[in-house]
Amino acid sequence: MTNNIPKRIHIIGSVGSGKTTFAKQLSSKLKIPFYELDNVVWIRDKAGDIRRTEKERDDYLNTIIQSDSWIIEGVHNEEWVSSSFHHADLIIFLDPCYPTRTYRIIKRFLKQKLRLEDSNYKPTWKIFLKMFKWNRHFEEVGKPHFFKKIGVYKDKLFIIKDRNPLKVYVRS
């Protein structure tokens with residue numbers, strides 16, 4: 001890693017790409033707080049998640065972005081997230097192969113059902129099946145859309161295809 005360590009990092013990738021795990025590792029290593037975009041969209045509640053209004057969501061994201069250092073991770077690349085790409089010093093795109101992501105979705109679900117791993121949501125069969133749909137949609141629609149849109153930030157884009165992104169990031 002260079003001496004010029006970025007203080008505002010946006011990590012994006014599909015379901016099962018390793019975003020949260022990598023963000024936690026990087027947060028610990030760099031001593032920078034990390035935020036999950038899903039938790040910007042949703043208020044987590046034991047009775048069930050509550051979607052924030054667009055204004056609440058945008059205000060929350062802007063509060064994070066205005067801080068001196070952050071790691072933001074999530075699959076979202078819609079317009080409401082564009083300010084975090086703009087303010088990021090570094091954008092990391094995690095892109096392990098499709099079968100790896102599929103395996104991770106299955107592994108995560110089993111661990112959550114067996115209560116070996118915590119989750120922000122109740123791991124239902126419905127969500128499990130949706131994850132495969134989201135993974136395919138990201139592969140076919142989300143990823144091409146991201147690369148089309150992110151062109152203006154290509155100078156701060158770092159793509160990691162390896163299954164261990166921290167190892168790759170630390171080496172570079």
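The legends below describe close-up views of a predicted model.

**View 1. The bend in helix α6.** Helix α6 (125-149) bends by about 50° at Phe138. Phe138 is also one of the buried residues of this helix, which include Phe128, Met131, Asn135, Gly142, Lys143 and Phe146 as well. The elements that cover the buried residues of α6 include the strands β1 (8-13), β6 (90-94) and β7 (157-160), together with the helices α4 (82-87) and α5.

**View 2. The largest nonpolar core and its neighbour.** The largest nonpolar core comprises 20 residues, and within it Phe85, Ile91 and Phe146 have the most contacts. Two or more residues are given to this core by each of α2 (37-41), α3 (54-66), β5 (70-74), β6 and α6. Apart from it lies another core, of twelve residues, among them Ile9, Ala23, Ile32 and Ile160.

**View 3. The surroundings of Phe85.** When neighbours within four places in sequence are left aside, Phe85 is in contact with Ile91 and Phe146, and also with His10, Ile12, His76, Asn77, Ile150, Tyr153 and Lys156.

View 4. Most residues other than glycine have a negative phi. Lys31 counts as exposed because its relative accessibility is 69%, and Arg115 counts as exposed because its relative accessibility is 77%, the cut-off for exposed being over 50%.

Note on methods: Residues numbered from 1 in each chain as written. Predicted model: local features only at pLDDT ≥ 70, side-chain atom pairs only at ≥ 80, totals over all residues. Heavy atoms only, no water. Buried < 20%, exposed > 50% of the residue type's maximum accessible area, 1.4 Å probe, protein only. Helix = DSSP H or I, 4+ residues; strand = E, 2+ residues; numbered from the N terminus. Bend = angle between axes of the 7 residues up to and from the residue. Contact = heavy atoms within 4.5 Å. Core = buried A, V, L, I, M, F, W, Y, C linked by side-chain atoms within 4.5 Å.
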